[in-house]
Amino acid sequence: KSRFVFGGNRTGKSVCGAMETIWYATGLHPFVKIEHACDGWVVSLTRQVQRDVAQAKILQYLPPEWIVKTVMVSGSSFAPAHGVIDFILVRNVFGTVSKIGFRNCEQGRERFQGVSLDYVWFDEEPPEDIYDECLLRLLDRGGVHWVTMTPLKGRSWVYERIYLRQERLAELACFWMSWDDNPYLTQEEKQFLIANLSPDVLESRQYGHFVAAEGLVFPNFDSANIIEPFLITEPDGYYIAIDPGYRNPTGVLWVVTMGENLYVVSDYEVAGKTVAEHSAAIIERTSELGWDLTKTRILIDSAANQKTSACEVSTAMQYRNYGLCVDSNVNKNLAQGLLEMKTLMKNAEGKRSLFVFKNCVHLISELRGYYWGDGEHPQKVNDHTIDALRYIVMDWQRTNHEQVISLNSLGQAKKDLIKRLAGKRLMSKKL
């Protein structure tokens, strides 16, 4: 239903949008079965951008013999490329006529009311109210829409509603295009642009990344850390971590350790439930994963040891009473924990050791939207599963450190034993 193409400049994203529009209008779509004439809109930011970009691409790729009529807002229909088009009537494979209408955001939301459509193509990011209005135009016909854009507005509504929630929305698909995807862009052109643009601008102009990444706590967390779920048959260990919520949601993670890697295999974030309900959900999820609770290390925020005026039993004790043997002895050093997590996501050599299964939509969304606030602390919002992950990472690193110390100690003990045995053998020979 919804397709977002995030691309740098000159990556071919507008060509994608134009071809999709033409395929729907003519009924000649090679991948989608179209069963009737389709009417739609092409939405640009301004009249000038409409004329120079989206409209130009449509005229470039739509065969003239398929055009029945071109109606202009300004200019002549005999030279439509030099004016602003209102709509084009197009022949289709059904023997009828389809309509490609053109709109621009300068016209305001009211200009987008009152019709039913089969599709909408947004060329670049529209204002949110116009986007919402166009979605209503698609409602009657169960229509589709696609957006081709270079994300230059930072943490805009697209970032919040689409980018951060892409794994949660079943009807949404996101794509990224970079200069390397355009075989007609020469290396000389690329190098010229790279040399003349700042690094943060390049992130958007070259790769289609959101330019607000300088404020992200984990800018190195990207699609390479998100993987398809797979069965881990012989892990080294199992973790569950709970960040309990009272008025806020309770966040829970299930993590498997294997060698030098951590795999987040499942997550849970629910508000408005009791400890009994959370405990039952955690036990059920753990059973579904096939884990043995007695062999799983379960961590909980040390704040869960506190008693409230409403209950004489602490939250941690309540979880224990409901069958979860939680350990509240967690390292909550924020700065160190964030650094450890960031290093696992991608270290200085480019190695990644932290992987998140694609189904962990809560954690992925939080990691992508975790920003620094004032001073040295991140903004204290939407961080429930992040805190749970931090407890696990710190505990895992501590355990590994203790194992290394233990092995080193064992190695020294072995050396001492060898020396003693060697000394005894030497004494035996002398005797």
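Figure 1. A pocket, on a 1 Å grid over the protein atoms alone, is an open set of points where a 1.4 Å probe fits, with protein on both sides within 12 Å along at least five of seven lines, and its lining residues have an atom within 4 Å of a point. In this predicted model, local features need pLDDT of at least 70 and side-chain atom pairs count only at pLDDT 80 or more, whereas totals for chains, interfaces and linings use all residues. Residues are numbered from 1 along each chain as its sequence is written, and side-chain values use heavy atoms, with hydrogens and water left out. The largest pocket holds about 720 Å³ of space, and of its 28 lining residues the closest to the centre are Tyr163, Trp176, Asp222, Ser223 and Arg368.

**Figure 2. A charge over a ring.** The charged end of Arg368 sits over the ring of Tyr163, 5.1 Å from its centre (CZ of Arg or NZ of Lys within 6 Å of the ring centre and within 35 degrees of the ring normal).

**Figure 3. A stacked pair.** The ring centres of Phe218 and Tyr370 lie 5.9 Å apart with planes at 20°, so the pair is stacked (rings pair if their centres lie within 6.5 Å, and planes under 30 degrees apart count as stacked, over 60 as edge-to-face). Phe218 counts as buried at 2% relative accessibility, as does Tyr370 at 3% (buried means under 20% relative accessible area, with a 1.4 Å probe and protein chains only).

**Figure 4. An edge-to-face pair.** The rings of Trp41 and Phe112 meet edge-to-face, because their planes stand at 85° with the centres 5.6 Å apart; both Trp41 and Phe112 are buried.

Notes: Grid points are joined across faces, edges and corners, and a volume is the space filled by probe spheres set on the points. Rings of Phe, Tyr and Trp (its six-membered ring) pair if their centres lie within 6.5 Å; planes under 30 degrees apart count as stacked, over 60 as edge-to-face and the rest as tilted. Buried means under 20% relative accessible area, exposed over 50%, partly exposed in between (1.4 Å probe, protein chains only).
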